[in-house]
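Here is a short report for a reader new to this structure. Look through the sequence and the 3D view first, then read on.

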Amino acid sequence: LLPNPSSVYQDQSCTGINLLQNGIKLRRTSTQGSLHQQNVSKMLTDAALTTVYLVRHGDKMSMYPMYDGVRFGNNPELTPCGRRQAQLVADLLVQEAGNVSAVISSPYMRSLQAALPLASATGHFIRVEQVLSEDRQRNGPYQPRNSHPTSAGAEDWVLIDKAWDRTYSSPPIPTPEGDEEYWDRIETGPAIMKNHVKRNASQGGALVFFSHSDPSFSLAYGLCSALFNNSQESFVRDFISGGGGLEVTGIIKILLNADNECVKIDVPDNQVSHKSQCGGLTVPHMVRYSVNPGYYWRPEPGVSVADARDEDFD
């Protein structure tokens with residue numbers, strides 16, 4: 001069974017209590033539970049809160065045996081199923097968020113394709129952000145644009161090119177990228193995401209970041225680590241493994257207060273993957289802490305780290 005999508009981690013700074021409602025576990029450091037619930041409810045309905053969505057791209061071509069790695073390299077397009085899922089994500093977020101103020105994407109084709117329907121539906125340009133890129137590209141730079149795309153990919157690229165926000169640019173990440181380079185890069189991510197929030201502060205509304213499974217979890221931890229007592233082990237155990245992992249088009253919803261501090265994070269919402277009724281070769285992504293304690297974030301000093309597996313196509 002999938003976890004209840006309403007399961008959340010919440011933090012109320014006045015009492016120092018962390019709660020997970022309807023989900024994995026409940027932690028209390030105060031006996032004032034009822035007061036805390038009231039305070040949390042008031043805080044979470046405060047108009048100053050900003051909603052941030054981290055979205056994993058949809059079903060991709062490289063998951064299938066007929067994938068032409070020579071032609072597409074490490075930058076596969078979405079499959080027809082993935083394109084359908086992208087539209088379902090857009091429909092869901094337009095309905096749920098109401099007002100979307102920014103659409104930000106990894107430079108990879110599959111993420112740009114995933115972001116395109118939402119950008120079209122909201123009338124926003126796509127802000128291309130390098131820090132959202134796929135992780136650990138050990139073989140060097142990804143192929144940024146394929147000169148021999150599929151017909152659907154070519155059609156999408158015409159629209160992506162028109163939607164590309166040319167008023168914003170970010171520096172490319174250094175590759176090849178191993179663990180150290182990934183940790184260096186991803187540690188800058190939360191501040192960069194908050195800068196996007198500040199950039200849109202006057203507009204209000206939600207910001208939607210389209211990325212990949214590993215960076216999505218890494219950035220979620222970077223933004224909301226305080227809700228897990230700054231424990232990577234707790235985050236991986238309770239949020240990633242306990243939350244069921246992140247499927248294609250999985251969504252992580254985060255609330256930031258007026259100081260851009262994380263006050264709430266929902267467990268991954270994988271409903272679009274199920275609703276699409278297509279694809280299915282990609283299992284929910286998760287790497288257990290015991291397998292690799294440094295997979296999503298730089299490990300604590302003295303913690304032994306296994307070599308993260310090479311997941312160029314995640």
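Contact means heavy atoms within 4.5 Å. This is a predicted model: local features need pLDDT of at least 70, side-chain atom pairs count only at pLDDT 80 or more, and totals for chains, interfaces and linings use all residues. Residues are numbered from 1 along each chain as its sequence is written, and side-chain values use heavy atoms, with hydrogens and water left out.

## S133 and its surroundings

S133 touches S106, P107, Y108, I173, R185, H212 and P215, leaving aside residues up to four places away in sequence. S133 sits in the loop between β5 (126–128) and α5 (151–163). Helices (H or I, at least four residues) and strands (E, at least two) are DSSP runs, numbered from the N terminus.

S133 has a relative accessible area of 1%, so this residue is buried. Buried means under 20% relative accessible area, exposed over 50%, and partly exposed in between (1.4 Å probe, protein chains only). The S133 side chain also reaches the backbone oxygen of Q130, at 2.6 Å. A polar contact is a pair of N or O atoms within 3.5 Å; within protein, one must be able to donate a hydrogen and the other to accept it, and residues adjacent in sequence count only if both atoms are side-chain atoms.

## Two disulfides

The structure holds 2 disulfides. A disulfide is a pair of cysteine sulfur atoms within 2.5 Å. Counting bonded cysteines along the chain, the pattern is 1-4, 2-3.

C81 pairs with C278, with sulfur atoms 2.1 Å apart. This pair links distant parts of the chain: C81 is in helix α3 (residues 80–97), C278 is in the segment after α10 (271–276), and they are 197 residues apart. The torsion about their S-S bond is about 80°, so the disulfide is right-handed. C81 counts as buried at 10% relative accessibility. C278 counts as partly exposed at 23%.

C224 pairs with C262, with sulfur atoms 2.1 Å apart. Here too, distant parts of the chain are linked: C224 is in helix α8 (residues 213–224), C262 is in strand β8 (residues 262–266), and they are 38 residues apart. The torsion is about 90°, so this disulfide is right-handed. C224 is buried, at 1% relative accessible area. C262 is buried as well, at 9%.

## The buried side of α7

Which residues of helix α7 (residues 189–199) are buried? They are G189, P190, M193, H196 and V197. These residues cover an arc of only 115° around the axis, which puts them on the same side of α7. The arc is that of the directions from the helix axis to the C-beta atoms.
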